[in-house]
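Please look at the sequence and the structure below. A short report on some of its parts follows.

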Amino acid sequence: MPRTPHSAPHLRVMSVLGLLAALLLPLGVTFAPGALAAPTAGPVRVMPLGDSITGSPGCWRAVLWNRLVNTGYKDIDFVGTLPPQGCGQAHDGDNEGHGGELVTNVADQNLLPGRLASTRPDIVVMHFGTNDVWSSIAPDRILAAYTKLVTQMRASNPDMRILVAQLIPMNPSSCAGCAQRVVDFNARIPGWARATGTDRSPVTVVDQWTGFSTAADTYDGVHPNASGDDKIAARWFPALSAVLDAGVPQDPGDPGDPGEDPAACTARFRAVSSWQGGYQGEVTVTNTSASAVRGWTATVVPANGARLTQLWNGSLSTAADGTATVRNAAWNGTLAPGASAAFGFVATAPATAGAPAATVTCTGTAPAA
């Protein structure tokens with residue numbers, strides 16, 4: 001979205017043109033097509049999503065909002081089901097930062113779809129997972145929750161732009177292991193984003209960890225102070241402004257190319273059996289959209305250095321980093337709403353890999369209209 005000046009003079013011109021049209025039409029005078037400007041698209045809706053670091057009071061949102069507006073971005077609207085929570089400066093304070101929430105709980109309890117339906121964002125700015133890391137929840141489970149939320153975002157808006165933060169550092173006095181757990185989790189986010197992003201709905205990773213000091217930039221080892229708010233806003237700004245400058249489709253119902261619309265689906269991994277140096281896994285793909293799926297593609301990112309070596313009920317291609325892309329076989333691509341298909345595989349793994357785990361996502365293709 002290009003930066004625009006204040007629009008009051010433009011509105012006065014439009015009012016004059018409208019009055020002229022009303023006066024001249026009874027006299028038989030008409031305007032050529034395009035002589036009167038067409039209505040412009042509404043503001044781009046941006047949802048700040050997360051926990052207390054985002055929401056209570058989440059003053060980095062105020063800093064970011066004012067920097068955007070002062071730089072020339074006028075047609076933006078921060079959205080969320082929660083109201084402003086202070087910060088002492090004028091800004092659009094709507095947000096989706098729920099204090100104390102775990103991203104795994106939001107995914108498990110399907111809390112996001114209702115919030116999306118109420119606010120209809122075009123862009124999601126997400127810093128989420130601090131409480132999960134504090135609770136020592138495994139990175140694989142947190143990333144699976146991320147994947148489910150992204151799937152729900154795309155069900156709400158197939159063109160959703162998603163900015164995901166590598167979490168700010170955390171070092172509370174009551175959690176000796178938290179600092180390293182944040183480092184370990186952040187290291188996994190770029191690979192997850194590469195596997196999850198699509199051309200139509202890209203996922204952008206924003207490094208909020210580097211250069212952030214829990215001693216100087218938080219008041220309790222977790223939540224940002226004024227210095228931390230400035231740093232967080234400064235990291236979000238270039239990533240968000242780049243998305244705005246590139247332009248954001250604002251019609252989720254646009255059919256795009258016939259027969260190539262993505263349809264919502266979910267993927268679920270389970271380990272069937274394991275042994276020293278490998279395991280057998282299974283992934284179930286389920287059509288969660290209201291229409292049939294005529295084909296699906298699943299992405300499997302095995303954890304801890306594992307690699308898929310054999311696969312059945314689908315076709316396999318593997319990237320250099322071990323990320324596997326699985327496309328449906330001829331007989332299991334068409335799924336009615338709510339229907340599922342499964343494929344199995346064998347993976348090799350280092351002897352020290354631990355329990356089998358993998359992050360899985362999927363995309364479906366709707367039939368031609």
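## Serine 52 and its surroundings

The side chain of serine 52 makes a polar contact with the side chain of histidine 223, at 2.8 Å. A polar contact is a pair of N or O atoms within 3.5 Å; within protein, one atom must be able to donate a hydrogen and the other to accept it, and residues adjacent in sequence count only if both atoms are side-chain atoms. This is a predicted model, in which local features need pLDDT of at least 70 and side-chain atom pairs count only at pLDDT 80 or more, while totals for chains, interfaces and linings use all residues. Residues are numbered from 1 along each chain as its sequence is written, and side-chain values use heavy atoms, with hydrogens and water left out.

Serine 52 belongs to helix H2, residues 52-55. Helices (H or I, at least four residues) and strands (E, at least two) are DSSP runs, numbered from the N terminus. With a relative accessible area of 12%, serine 52 is buried; buried means under 20% relative accessible area, exposed over 50%, and partly exposed in between, with a 1.4 Å probe and protein chains only. Apart from neighbours within four places in sequence, serine 52 is in contact with Gly58, His98, Gly99, Gly100 and His223, where contact means heavy atoms within 4.5 Å.

## Helix H10

Helix H10 covers residues 226-246. Its 21 residues, at 1.5 Å a residue, should span 30 Å, and the end C-alpha atoms are 30 Å apart, which agrees. The expected span is 1.5 Å times one less than the number of residues. At the start of H10, a side-chain oxygen of asparagine 225 comes to within 3.1 Å of the backbone nitrogen of serine 227. After the helix comes glycine 247, with a positive phi near 95°.

H10 has a kink of about 30° at phenylalanine 237, shortly before proline 238. The bend at a residue is the angle between axes fitted to the seven residues ending there and the seven starting there. Among the buried residues of H10 are Trp236, Phe237 and Leu240.

## A four-stranded sheet

Four strands form an open sheet in the order E8-E9-E14-E11, with antiparallel pairing. Two strands pair if DSSP finds at least two bridges between them. Strands E8 (265-275) and E11 (307-312) stand at the edges, each with a single partner strand, so one side of each is left without a neighbour in the sheet. From one strand to the next, the twist averages 30°; axes are lines fitted to C-alpha atoms, for helices over the stretch in contact, and angles run from 0 to 180 degrees between N-to-C directions.

## Pairing along the sheet

E8 and E9 (residues 278-287) pair over 10 bridges. Phenylalanine 269 has valine 283 in E9 as its bridge partner, and serine 273 stands opposite glutamine 280. The two strands form a hairpin with two residues between them, and glycine 277 in the turn has a positive phi of about 95°.

Eight of the 10 residues of E9 are buried, so E9 is largely enclosed by the rest of the structure. E9 also pairs with E14 (residues 340-348), over nine bridges. There, valine 285 stands opposite alanine 341, and glutamine 280 has valine 346 as its bridge partner. E11 and E14 pair over five bridges, and tryptophan 312 has glycine 344 in E14 as its bridge partner.
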